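Thanks for coming. I have one structure to show today, and I will go through its geometry.

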Amino acid sequence: MRIFLILLSLVITASLSAQHKAQPKVKKSETAYFDSLQTKIALLKKEGKWQFPVKKMWDEALAASQRSHKPTIAFNVDYVDSASIGFRDRTLTNLAVQVFLCENFEIGVNDFSTDPPPTVGFDSLRKLGLRFDGLEKGYAIAMRPTAILIRPDSAEIERIPLPNLLTAKEFIAVVTDYLHGKNTVQALRQAFWRDTTSFDARKRYLNRLTERSDYDSVVYQLGVIATLNNHPDDARDAAKQYAYLRMNVEGKAELVKAWLYRLPKHGDDSLEALQGLRDLLEFYQQRKKADSIARIYDQIFAYTGVRDPDLVNNYAWDLVTYSKNWERALVLSNEALAAKPQNQDYLDTRAQVYYALKRYDEAIADEEKAMKLAHKQEDKDFFQERLDYYKKELLKSQTDPATTK
């Protein structure tokens, strides 16, 4: 799911521009604007409408919305996470944003970093957790931070995933559009269904679905675009996204395999295919599927026609880590060391293989050599720790012969 969310964030608006270290001179117009904001803030405070710092939870803001008939804007955040902290410190502290929100919304927050005081009982704590989950589950929110706009009748207007990627000015502009029904998912959906032959309308709709983490709809639209012969480049990209999404979210690696087998084996396509094989390798490594890992390594070697020693060493490490095919791991480890006999990491790998085979003396010899070859202190410490462990296992095998069987 994490990779899916990383993909989603890539299609959301561009990140904040770097701030200049030198502060620009304040113009008279800027001073007047600042003064006008201060005047508005004073008036809002006098009328009891000032809502910063935000203290209402999302459900409390929604209850207030039903009384005031103003929509709710709720911030689903986790203020121990850098993205949420950045949104709070760069956007929600902006006076223009604060005035805009106070004038137009009931404001609530869903902060998962909240630490209830010791007086909160178990039942109260459970209810607090249910309230937090109520926003994410009720509105299918897949990421933090997210700003969500909700009507007084609890219907969603629209949401902004990763609002930390917007400047304060952009944030106000996007929310204003949504308040006027412009560029919302509903509007884009209506535009798409008015003319389903419009590829641009379909792409705009797909991008918004992707931003909103509407997985089922994204997968469906990608599947359709992948079949459009009149847009071959977009169809190709959609087929790739479709395959990768279903692999990373649903665990269906067969779709990526099928996509790879359709790629021509030349030019840039060959590099893309090789990367696809490496992605499959990582997928199986995460799931510790030794047989599939071995097959992908062999396919990479066959595809490239080269037995890269780093990859051979990794192959040996994966075999000794995820399987009991230790004899095969030893063959691979020796192959890697034949290419680079002074490589400390290769020696460490073979030491691990020797340990698995209960050939403790050889494991110790390789680990000692690896430690001598290491230059960084952290590497030396790591190898020393492993060396001490192998020596302990050797001593144990000598005092307890049963351990060698």
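I will start with the whole chain, then take the strands, the salt bridges, the rings and the backbone.

First, the ground rules. This is a predicted model, in which local features need pLDDT of at least 70 and side-chain atom pairs count only at pLDDT 80 or more, while totals for chains, interfaces and linings use all residues. Residues are numbered from 1 along each chain as its sequence is written, and side-chain values use heavy atoms, with hydrogens and water left out.

The chain holds 19 helices and 4 strands. These are DSSP runs numbered from the N terminus, H or I of at least four residues for helices and E of at least two for strands. Of its 405 residues, 42% count as buried. Buried here is under 20% relative accessible area, exposed is over 50%, and partly exposed is in between, with a 1.4 Å probe and protein chains only.

The criterion is a side-chain nitrogen of Lys or Arg within 4 Å of a carboxyl oxygen of Asp or Glu, and the count comes to 23. One of them joins R208 and E158, at 3.3 Å from N to O. R208 lies in helix α9, residues 199–211, and E158 in strand β4, so the pair ties together parts that are 50 residues apart in sequence. Both residues are buried. R208 also forms a salt bridge with E211, where the closest N and O atoms are 3.0 Å apart. E211 and R208 both lie in α9, 3 residues apart, about one turn of the helix. A network of salt bridges links E156, E158, R159, R208, E211 and R212.

Elsewhere, E368 and K391 meet in a salt bridge at 3.9 Å, N to O. E368 is in helix α18, residues 360–373, and K391 in helix α19, residues 377–399, so this pair ties together parts 23 residues apart in sequence. E368 is partly exposed at 30% relative accessible area, and K391 is partly exposed at 39%.

On to the rings. The whole structure gives 17 aromatic pairs. Rings of Phe, Tyr and Trp (its six-membered ring) pair if their centres lie within 6.5 Å; planes under 30 degrees apart are stacked, over 60 edge-to-face, and the rest tilted. Are F112 and F132 stacked, edge-to-face or tilted? Their centres are 5.1 Å apart and their planes are at 35°, so the pair is tilted. F112 is in the loop between β2 (106–111) and α6 (122–138), F132 is in helix α6, and the two are 20 residues apart. F112 is partly exposed at 22% relative accessibility, whereas F132 is buried at 9%. Y355, Y360, Y389 and Y390 form one aromatic cluster.

Last, the backbone. Most residues other than glycine have a negative phi, and most peptide bonds are trans. The bond from F52 to P53 is cis, with omega near -5°, and P53 is in the loop between α2 (28–46) and α3 (58–68). R144 and P145 are also joined by a cis bond, omega about 0°. H69 has a positive phi near 70° and is exposed at 62% relative accessible area.
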